[in-house]
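These are my notebook entries on a structure that I looked up piece by piece. I wrote down each point as I came to it.

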Amino acid sequence: MAAPGDAKERERARAALIGGVYSNHVALAEVLADARRRGIEECYCLGDLGAFGPHPDRVFPILLDYRVRVVQGNYDHSIGNRRDDCACGYTDPRDNHFARLSYRYTFDRTSDRWKDWLRDLPVRLDFSLGGKRVHLCHGSPRRTNEFLWESTTPDPFLRKLFAATGADVIACTHTGLHWQRELEDKLFVNAGVIGRPENDGTTEVGYTIIEAAPERAAGVRAEHVRVAYDHARLAAEMREENLPAEFIATIETGWWTSCLEILPGKERARGRF
Amino acid sequence: MTAALLPPGELDTLWFQVGGTLCNLACEHCFISCSPENESLPLMTLAEIEPYLAEAEALGVKEYYLTGGEPFIVKELEAIVARILRQGPVSVLTNGTLVTQARAARYAQIAAAVPYTLEFRVSIDGFDAASNDAIRGAGSFEKAMRGVAALVERGFLPIITATQVWEPERDGEVVGGFFRELRARGYARPRLKILPRLKIGAEEKRTGGYAAEERITPEMMEGYDAAQLLCHSARMVSRRGVHVCPILVEDPRGFLGRSLARSMVPYPLEAQACYTCYLYGAICSNASSRVAADAAGY
């Protein structure tokens, strides 16, 4: 006899995928309200709750309130296990300078209760959507801090990831830029992030809705949704907390000003800095 | 002494020594002593590369690098770049002196037609003609800067690489100098990668080789993240076949046969150049590589 949970598995036809939150509790509340207005009940966060923004403890009650299921990001793993650095995967001294500032602030202001909660998050979540197997991870299925940019993630490499996971849909975040690619009967999604804008000169952030789509080869389609939020309020909080002016400029202008050296040329050329 | 044995990861990165050991310059710190006369490794053709590309596709390779020698002396380079870009991102390592306006324009067209990134890494050794040309030869600085400007004009963001031939105390002054010079020449947001010196090839003659104790022991690998080393997830292909990495192409210990799949075997880190990679991480990749050295206090 099927358990009630199984019945729910069968019914699931849509889900919201939310990328890195980076302590942007204002955007998180707005994005989840947007998903709820659309009637989406299943919300997943792909990890990296802290970094960059103010008051890291504020995101947790919102996630719990909306019953968001969360995958552990590299940031969450580091904070949860009381590590010395974020293990973001940056290699340039300038990127690492800002990463260190941000990590120290977030670490000091995340309470022990939530550090333990972060430590115990799963590194992957698998579920069924319209009969298709969906695999959620933070960076890539094989490494939490692997950057999967559109211009550096070739089809043969994705095929290898699909073969290794056995999934029909793989979704990740970590880079900060959303993209998707259909590959034969598979769908790969980078859900983007909601912690900061997408380096496109607008202040909006975005999340991704995946939906059962029997007419598509992969059986699932993905739609990236942009959401405006009170970014001025977030910027004001960041100022009060003395966070770096570079971080605040990104929230207010939509252009990335730090942690740029990791971008491939094709993605970086689209930004201002 | 027993060498540390590195277990292989997945093959993510594939290098091609398209330019062999032939180069229009003869830099006095070159780790494989490339020059206009060094034909130890010949140029490669697209036909020679194809079988390896087929194997790389099956193995799910993530990125490709073209080096030499100087890739721009390869007549087929444009065709090779266009072909590989259909399969994945490509980085071309060049001294920049042969990059003309017309060539930059053609590469911009090739890059615009594919989803994958095309990167150029231009190596120089000083932010002015005096310091650069002392190592790379008269006139090479101006020619490289013209190459950089041509690439920037076509929308590329070339990664400027420099081997650290100066003393570490001068880091700020030299790196700041690079940025000022590049901006003054119209490259508004320069990307810069500083490489450690590899004390082999011409550089060994210039400043002396590695000290006896500068090698990796099995104990040093305990708790070390093997993914930091390029040979964990990369291989180099030359006209001869498959080599463990771009550094050891002239070292018989670096030769691993003619099959990519069969080259992914545990590798003994016995060459002394391995010690530099141990300290600095994957020095050959596009990512800056100072992190491991910073952490080690170097």
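**Entry 1: two helices of chain B**

I began with helix 2 (residues 77-85) of chain B and helix 3 (residues 101-112) of chain B, which pack at an angle of about 20 degrees with their axes 10 Å apart. I noted that the model is a predicted one. Angles under 35 degrees count as roughly parallel, and helix 2 of chain B and helix 3 of chain B are therefore roughly parallel to each other. I then looked up the crossing: helix 2 of chain B passes helix 3 of chain B in a right-handed sense.

**Entry 2: parallel strands of chain B**

Next I turned to the strands. I found strand 2 (residues 13-16) of chain B joined by 4 bridges to strand 3 (residues 63-66) of chain B, and the two run parallel. Which residue of strand 3 of chain B is the bridge partner of Trp15(B)? I found that Tyr65(B) is that partner.

Strand 4 covers residues 90-94 of chain B, and its pairing with strand 3 of chain B is parallel, over 3 bridges.

I then checked which helices go with these strands. Helix 1 (residues 46-59) of chain B makes a right-handed β-α-β unit with strand 2 and strand 3 of chain B. Helix 2 of chain B, from my opening entry, belongs to a right-handed β-α-β unit with strand 3 and strand 4 of chain B.

**Entry 3: strand 8 of chain A**

In chain A I looked up strand 8 (residues 186-190). Is this strand enclosed or open, and why? I recorded that 5 of its 5 residues are buried, so strand 8 of chain A is largely enclosed by the rest of the structure.

In a regular strand the side chains alternate between the two faces of the sheet. In strand 8 of chain A, Lys186(A), Phe188(A) and Asn190(A) point one way, Leu187(A) and Val189(A) point the other way, and all are buried.

I went on to the neighbours. Strand 6 (residues 169-172) of chain A runs parallel to strand 8 of chain A, with 4 bridges between them. One of the partners I noted is Val189(A), which is bridged to Ala171(A).

Strand 7 (residues 179-183) of chain A pairs with strand 8 of chain A in the antiparallel sense, over 5 bridges. There I found Trp179(A) opposite Asn190(A). Strand 7 and strand 8 of chain A form a hairpin with 2 residues between them, and Glu184(A) in the turn has a positive phi of about 50 degrees.

**Entry 4: cysteines**

How many disulfides are there over all chains? I recorded a count of 1. The disulfide joins Cys86(A) to Cys88(A), with an S to S distance of 2.4 Å. The torsion about its S-S bond is about -135 degrees, so the disulfide is left-handed.

I also looked up accessibility, where buried means under 20% relative accessible area. Cys86(A) is at 5%, so it counts as buried. Cys88(A) is buried as well, with a relative accessible area of 11%.

In chain B I checked Cys30(B). Its sulfur lies 4.0 Å from the closest cysteine sulfur, that of Cys34(B), which is too far for a bond because a disulfide needs sulfur atoms within 2.5 Å. Cys30(B) is buried, at a relative accessible area of 16%.

Cys277(B) is in no disulfide, and the nearest cysteine sulfur, in Cys284(B), is 5.9 Å away. With 14% relative accessibility, Cys277(B) counts as buried.

Note on methods:
Residues are numbered from 1 along each chain as its sequence is written. Chains are lettered from A and ligands numbered from 1 in the order in which they are written. This is a predicted model: local features need pLDDT of at least 70, side-chain atom pairs count only at pLDDT 80 or more; totals for chains, interfaces and linings use all residues. Side-chain values use heavy atoms; hydrogens and water are left out. Two strands pair if DSSP finds at least two bridges between them. A crossover is right-handed if, with the strands pointing away from the viewer, the path from the first strand over the helix to the second runs clockwise. Buried means under 20% relative accessible area, exposed over 50%, partly exposed in between (1.4 Å probe, protein chains only). Axes are lines fitted to C-alpha atoms, for helices over the stretch in contact, and angles run from 0 to 180 degrees between N-to-C directions. Angles under 35 degrees count as roughly parallel, over 145 as roughly antiparallel, 65 to 115 as roughly perpendicular and the rest as oblique. A crossing is left-handed if the near helix is turned anticlockwise from the far one by less than a right angle, and right-handed if clockwise.
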